[in-house]
Amino acid sequence: MSGLAMPKPDAETMRRRAEIVADMRIIVPGEGVVDTANEMRAFESDGLTAYRQLPLVVVLPETVAQVSRVLKYCNERNIRVVPRGSGTSLSGGALPLEDAVLLVMSRFNRILQIDYPNRIVVAQPGVTNLGITTAVEQEGFYYAPDPSSQIACSIGGNVAENSGGVHCLKYGLTANNVLGIEMVLMNGEVVRLGGGHLDQEGYDLLGVMTGSEGLLGVVTEVTVRILKKPETARALLIGFPTSEEGGQCVADIIGAGIIPGGMEMMDRPAIHAAEDFVHAGYPLDVEALLIVELDGPSVEVDHLIGLVEAIAYRNGSTTCRISQSEQERLSFWAGRKAAFPAVGRISPDYYCMDGTIPRKELPRVLAGMRDLSEKYGLGVANVFHAGDGNLHPLILYDANVPGELDKAESFGADILRLCVEVGGVLTGEHGVGVEKRDLMPEMFNQIDLDQQMRVKCAFDPNHLLNPGKVFPQLRRCAELGRMHVHRGQVAFPDIPRF
């Protein structure tokens, strides 16, 4: 797996593999256990395909009771577990470990309840993001967070990564749209947090779980809010001669108090790739393309369109198209939604980054990325949620050329360091996983990391859930004063450090 350091496989677990597989077949009978190398190959990586590793065994439970029994079994025997949804994670959050049970939640794929009066849907974690909207759209409702992978990504994975999408600027990330979850702890206990009501009492453990990347528990049920579709939605397609002018336009729109339903930006390489792929009618003579969607009552939308158009022209816009039909609006978005696969047609490989910056720093960061592109000799295509400063640079490289993957990783790390330097953060929606794990000290000091680790210890004191992810160093809870040390001996001396 490239040069990525992961926890050393536990020799005792590896020795008992046949026994563990047999026990898993008892807990999850039928076709719920996959243990041959060829069959497990489909699970060897997630969306961050640069890193691959076959798991100890793949287990696909169908009931909460099975999830509980698997986790309790592994907890009692000191066996690691890696939870997995649809495997679309772009940060390596679902990367298997050689000595870990890969717990795949894709069979939890049913919608359990639709409550229109209270505007909620209760779904199992394997239901796709788009599947929730599809289930309620006939009544004029939809689920707001819409990652580009919404046709495939699961709602449980969205909770784990706190996923966003093009409409998160106005309607919020997953954290703003999840009302409750059912989860199973590493010891097998089943816990409910929140529910079909607006607020919950006590500590905000639901907030702790959302974005916890599979380190604290396994989600088995999700309650989300659904929204009524707006009366009107129209989009503007705005071209600029420079990315800096496009970035300033974004800042000015937000500064004017306008909150679009979505505001996305693409640079020249991404524009050309998307247009060649989708034929959405994008202008090809611009350096930056901004898609601004406004929704609400038609009178309000018409008024805001005029304001945005004026702001765009003040910032040097050379072209501005306003959608005149629903079909045209959807065509504007078609290219943006297909930007990732489109870029895959112009480069043998690409490395998709994810960082977030203050909007006012967009021109500076775009200029910095151009300098880094020249430094590393690798191209970069930019596609990002401009409204909330969530960048998705796509670093173009060829894995067949020796050293190019390493250069791409270094290039990406420097982009994230730049994001932190200007007051941003390492991730907006993809999560830390293994990709950004070793960059966490760029953003957090040791005290910060220790406090985060104490939360991990409270939920999973043996560090069996998704180890090797998020934290730059695997440490024992004893080192944080969470476990008793007797005569210099800790309870789990075999937990590796890296």
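**Exercise 1. Find where Asn-466 is placed, and decide whether it is buried or exposed.**

Step 1: Asn-466 lies in the segment that follows helix H17 (446-459), where helices (H or I, at least four residues) and strands (E, at least two) are DSSP runs numbered from the N terminus. The structure is a predicted model, in which local features need pLDDT of at least 70, side-chain atom pairs count only at pLDDT 80 or more, and totals for chains, interfaces and linings use all residues. Residues are numbered from 1 along each chain as its sequence is written, and side-chain values use heavy atoms, with hydrogens and water left out.

Step 2: The relative accessible area of Asn-466 is 2%, so this residue is buried (buried means under 20% relative accessible area, exposed over 50%, and partly exposed in between, with a 1.4 Å probe and protein chains only).

Step 3: Although Asn-466 is not a glycine, its phi is positive, about 50 degrees. Most residues other than glycine have a negative phi.

**Exercise 2. Describe the phi and the accessibility of His-279.**

Step 1: His-279 sits in the loop between helix H10 (268-278) and strand E14 (288-296).

Step 2: The phi of His-279 is near 60 degrees, which is a positive value in a residue other than glycine.

Step 3: Because its relative accessibility is 60%, His-279 counts as exposed.

**Exercise 3. State which residues Leu-216 touches, not counting residues up to four places away in sequence.**

Step 1: Begin with the place of Leu-216, which is in the loop between helix H8 (205-209) and E10.

Step 2: With a relative accessible area of 5%, Leu-216 is buried.

Step 3: Leu-216 touches Met-183, Leu-185, Val-208, Met-209, Val-455, Lys-456, Phe-459 and Leu-465, where contact means heavy atoms within 4.5 Å.

**Exercise 4. Compare the span of helix H4 with the expected value, and name its buried residues.**

Step 1: Helix H4 (residues 64-76) has 13 residues, and the expected span of a helix is 1.5 Å times one less than its number of residues.

Step 2: From its first C-alpha to its last, H4 reaches 18 Å, close to the 18 Å expected at 1.5 Å a residue.

Step 3: In H4, the buried residues include Gln-66, Val-67, Ser-68, Val-70, Leu-71, Tyr-73 and Cys-74. An α-helix has 3.6 residues a turn, so residues three or four places apart point the same way.

Step 4: After H4 comes Asn-78, whose phi is positive, near 60 degrees.

**Exercise 5. Describe the span that UniProt lists for "domain: FAD-binding PCMH-type".**

Step 1: The UniProt record, an unreviewed entry, lists residues 51-229 under this name; UniProt positions are given in the numbering used here, feature names are shortened, and annotations may be inferred rather than shown by experiment.

Step 2: In the model, the end C-alpha atoms of residues 51-229 lie 40 Å apart, and the span is 21% helix and 26% strand.
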